[in-house]
Amino acid sequence: MARVYNFSAGPAVLPEEVLEKCAGEMLDYAGCGTSVMEMSHRSSVFKGIIEGAEARLRSLMSIPDNYKVIFTQGGDSLLFSTVFMNLATNGKADYVITGNWAKKAFQEAQILGDAQAVASSADKNFSYIPDCSDLPIREDASYLYICENNTIYGTKFPELPNTKGHVLVADQSSMFLSEPVDVSRYGLIHAGVQKNVGPAGVQIVIVREDLIPDDLPGVPTMLRLKTQADAGSLYNTPNCWGIYVCGLVFEWIERMGGLAAMGERNAEKAAVLYDFLDESKLFSSTVDPSCRSLMNVPFVTGNEDLDAVFVKDAAKAGLVNLKGHRSVGGMRASIYNAMPREGVEALVAFMKEFELAHRA
Ligand SMILES: *Cc1c(COP(=O)(O)O)cnc(C)c1O
């Protein structure tokens with residue numbers, strides 16, 4: 001059976017080496033005679049897996065010692081609430097609205113307390129990142145929230161906002177581990193791993209220790225960051241299999257040369273596609289060039305019927321999951337870490353042929 005080039009936005013492509021390793025260890029992990037799916041999360045073998053994964057992540061991202069790493073569950077969408085309940089100590093927080101996920105985080109915060117939008121790019125269907133150099137952040141807002149890479153619209157913050165001394169919280173789901181980031185500039189980073197790092201069902205939270213509240217009256221135990229931070233993510237049964245696969249992906253990124261090498265490779269890969277989009281007479285990018293994502297690349301022909309033909313024909317050629325999100329239309333190629341450069345080159349070659357065949 002042949003593998004295809006999978007441009008899905010998530011759950012998404014994983015490194016083949018990692019999938020092969022999983023397959024090889026499926027029935028017998030490291031000589032213990034069971035798969036990772038069948039072992040106790042309290043066993044010393046699993047302790048090794050989760051501690052190893054955390055250590056690798058800390059080293060990859062150079063996470064400072066005063067930050068906790070938490071592997072959690074419930075969906076990245078649950079973290080929209082968790083973040084507000086834990087970090088908005090006075091019930092107030094400010095949000096930059098750059099797409100659906102930022103908006104959803106903002107709406108969850110509005111359910112729970114006083115959330116205010118301090119900037120938005122809704123006026124141009126989220127095709128750009130607003131100027132964040134002088135935001136009207138409220139003096140007493142507990143944090144400023146951003147979705148740093150917008151999976152659906154294909155934008156990424158070209159630089160972090162001026163938080164004016166406030167704590168910065170970022171949803172990094174669709175850019176997590178795609179390039180180096182300076183963790184010390186954030187109070188909290190959260191990410192669902194199904195975009196760039198692993199199978200669906202695990203989220204990673206990186207949070208500065210002093211922001212984790214000791215006492216949270218009225219907040220359920222499972223929604224307090226302190227619960228999992230104190231328990232090493234083992235307060236209850238975690239997604240053992242998912243964490244194991246994440247650990248293998250971290251190991252793969254190390255072998256690829258770490259985040260600096262990953263970032264360079266991703267920039268080169270994205271340039272193959274953007275360079276073509278900029279010169280094409282048929283296809284065009286929907287995003288302001290100053291804030292293009294290296295991970296999610298939406299594009300259109302300008303003709304919806306032709307877009308549909310493209311998506312169908314591409315799938316026949318082994319280039320799958322290219323249909324754009326309904327709020328942008330057209331196509332979207334998600335080219336995460338595990339998408340090889342050859343996959344992007346194959347896509348561009350196919351686009352060139354399609355253009356020759358369909359240009360009036
Ligand atoms: C996919 C995605 C989410 C939602 O993740 P779930 O785990 O499905 O809740 C949130 N934020 C961003 C940026 C995403 O890409």
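Lys195 sits in the loop between β9 (188-192) and β10 (203-208); helices here are DSSP runs of H or I with at least four residues, strands are E runs of at least two, and both are numbered from the N terminus. Keep in mind that this is a predicted model, where local features need pLDDT of at least 70, side-chain atom pairs count only at pLDDT 80 or more, and totals for chains, interfaces and linings use all residues. Residue numbers start from 1 along each chain as its sequence is written, and side-chain values use heavy atoms, with hydrogens and water left out.

With a relative accessibility of 12%, Lys195 counts as buried (under 20% is buried, over 50% exposed, and in between partly exposed, using a 1.4 Å probe and protein chains only). Skipping neighbours within four places in sequence, Lys195 is in contact (heavy atoms within 4.5 Å) with Ala9, Gly10, Ala12, Thr151, Ser173, Ser174 and Tyr336. An unreviewed UniProt entry annotates Lys195 as "modified residue: N6-(pyridoxal phosphate)lysine"; such annotations may be inferred rather than shown by experiment.

## The ligand shell

Lys195 is also one of the residues around the ligand, along with Gly75, Asp76, Ser77, Phe80, Trp101, Cys147, Thr151, Asp171, Ser173 and Gln194 (a heavy atom within 4 Å puts a residue in this set). Helix α3 (residues 76-87) gives the most to this shell, with 3 residues. By type, the shell splits into 3 nonpolar, 5 polar and 3 charged residues; Gly counts as polar in this scheme, while Asp, Glu, Lys and Arg are the charged ones.

Now for the polar contacts, meaning pairs of N or O atoms within 3.5 Å. A polar side-chain atom of Asp171 is 2.6 Å from a ligand nitrogen. The protein covers 86% of the 380 Å² of accessible area that the ligand has on its own (Shrake-Rupley method, 1.4 Å probe).

Pro11 is in the loop between β1 (5-6) and α1 (16-24).

Ala30 has a positive phi, near 50°, despite not being glycine. Ala30 lies in the loop between α1 and α2 (44-61) and is exposed, at 65% relative accessible area. Asn125 also has a positive phi, about 50°, and belongs to the loop between β4 (114-120) and β5 (143-147). Asn125 is partly exposed, at 40%.

Definitions and conventions: Polar contact = N/O pair within 3.5 Å; in protein donor to acceptor, adjacent residues only side chain to side chain.
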